[in-house]
Amino acid sequence: INNNSIDKKDFDIIFMYIFITLNHFKESNFNLVKEGINCLLSLFNNMYDDLNNKASDKKYITIVLNDLFEKIADNKIKDVYMNLLDALNDYYSYKEILEILFEKLKKTNKVNILKEYALYIKYLLEVKKILGNNYENINVKNIIDFAIKLSNNSNPQVRKISLDIFSLLYK
């Protein structure tokens with residue numbers, strides 16, 4: 001996929017084709033899932049620029065984050081999923097991405113998922129500096145609530161990451 005002249009209708013068709021073909025990423029073959037994520041990455045990187053009114057297209061990020069939410073805990077797929085998360089920020093704000101993720105994170109207690117998203121939040125705070133000067137108003141309360149949830153976890157690695165997040169918030 002590297003034709004920048006796609007229209008919104010074609011984008012929708014390709015986008016939904018990927019999701020339907022891979023049964024909303026519930027496909028058991030991890031190679032197919034990786035390639036599906038790579039297709040989405042290519043679709044967003046090469047074609048999304050031409051679409052108008054990105055704010056009204058929040059449906060794309062909602063579908064992606066809902067269907068791929070648990071893939072962060074799969075070591076075979078995590079890297080391509082993280083690349084997709086980073087690329088999505090070129091089209092959506094961190095605020096939009098985090099709102100969707102925090103809603104999903106409130107409903108899960110799976111240690112690997114919590115740990116990986118905690119590392120992602122830590123990365124956003126530490127490397128991307130999402131609370132810095134150039135970013136929109138991120139709901140810090142959601143980050144604090146998530147860190148509190150992590151600090152109550154029985155896994156010591158998860159609790160350690162929660163302390164790291166609190167430390168980064170304090171800076």
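Guide: A definition comes before the rest. A nonpolar core is a set of buried Ala, Val, Leu, Ile, Met, Phe, Trp, Tyr and Cys residues joined through side-chain atoms within 4.5 Å. Buried means under 20% relative accessible area. Keep in mind that this is a predicted model.

Now the core itself. The largest nonpolar core holds 54 residues, and F44, Y117 and I165 touch the most other members. At least two residues come from each of α1 (8-21), α2 (30-47), α3 (58-68), α4 (78-88), α5, α6, α7 (140-151) and α8. The largest share belongs to α6, with 8 residues.

Take F44 as a way in. Leaving out residues up to four places away in sequence, F44 touches F11, F15, Y60, V64, L84, L88, Y91 and Y92.

Step back to the whole fold for a moment. The protein has 8 helices and 0 strands. Along the sequence the pattern reads α-α-α-α-α-α-α-α. Of its 171 residues, 43% count as buried. Take the contacts with a separation of 6 or more: 71% of them join residues 24 or more positions apart. The accessible surface comes to about 9,200 Å², and carbon and sulfur atoms own 48% of that area.

How many cavities of 30 Å³ or more does a search of the whole structure find? The search returns 1. The volume of the largest cavity is about 40 Å³. Its lining consists of K95, L98, E99, F102, I138, N139 and N142. Helix α5 (residues 94-106) gives the most to that lining, with 4 residues. By class, the cavity lining splits into 3 nonpolar, 2 polar and 2 charged residues.

Then the open space. The largest pocket has a volume of about 200 Å³. Lining it are L125, E126, K129, I130, L131, G132, L168, L169 and K171. The pocket lining counts 5 nonpolar, 1 polar and 3 charged residues.

K129 sits in the loop between α6 and α7. Its phi is near 50°, a positive value in a residue other than glycine. Most residues other than glycine have a negative phi.

I130 belongs to the loop between α6 and α7 as well. Is I130 buried or exposed? I130 counts as buried, because its relative accessibility of 1% falls under the 20% cut-off. I130 also lines the largest pocket. In sequence, I130 and S93 are 37 residues apart; C-alpha to C-alpha, they are 10.0 Å apart in space.

One more backbone case lies elsewhere. N23 is placed in the loop between α1 and α2. Phi of N23 is near 50°, again a positive value in a residue other than glycine. N23 counts as partly exposed because its relative accessible area, 47%, lies between the 20% and 50% limits.

Go on to α6, source of the largest share of the core.

Key
Residues numbered from 1 in each chain as written. Predicted model: local features only at pLDDT ≥ 70, side-chain atom pairs only at ≥ 80, totals over all residues. Heavy atoms only, no water. 1 Å grid on protein atoms, 1.4 Å probe; cavity = no way out; pocket = protein on both sides within 12 Å on 5 of 7 lines; lining within 4 Å. Points joined across faces, edges and corners; volume = space filled by probe spheres on them. Nonpolar A, V, L, I, M, F, W, Y, C, P; charged D, E, K, R; others polar. Buried < 20%, exposed > 50% of the residue type's maximum accessible area, 1.4 Å probe, protein only. Contact = heavy atoms within 4.5 Å. Areas by Shrake-Rupley, 256 points an atom, 1.4 Å probe, with all protein chains shown as cover.
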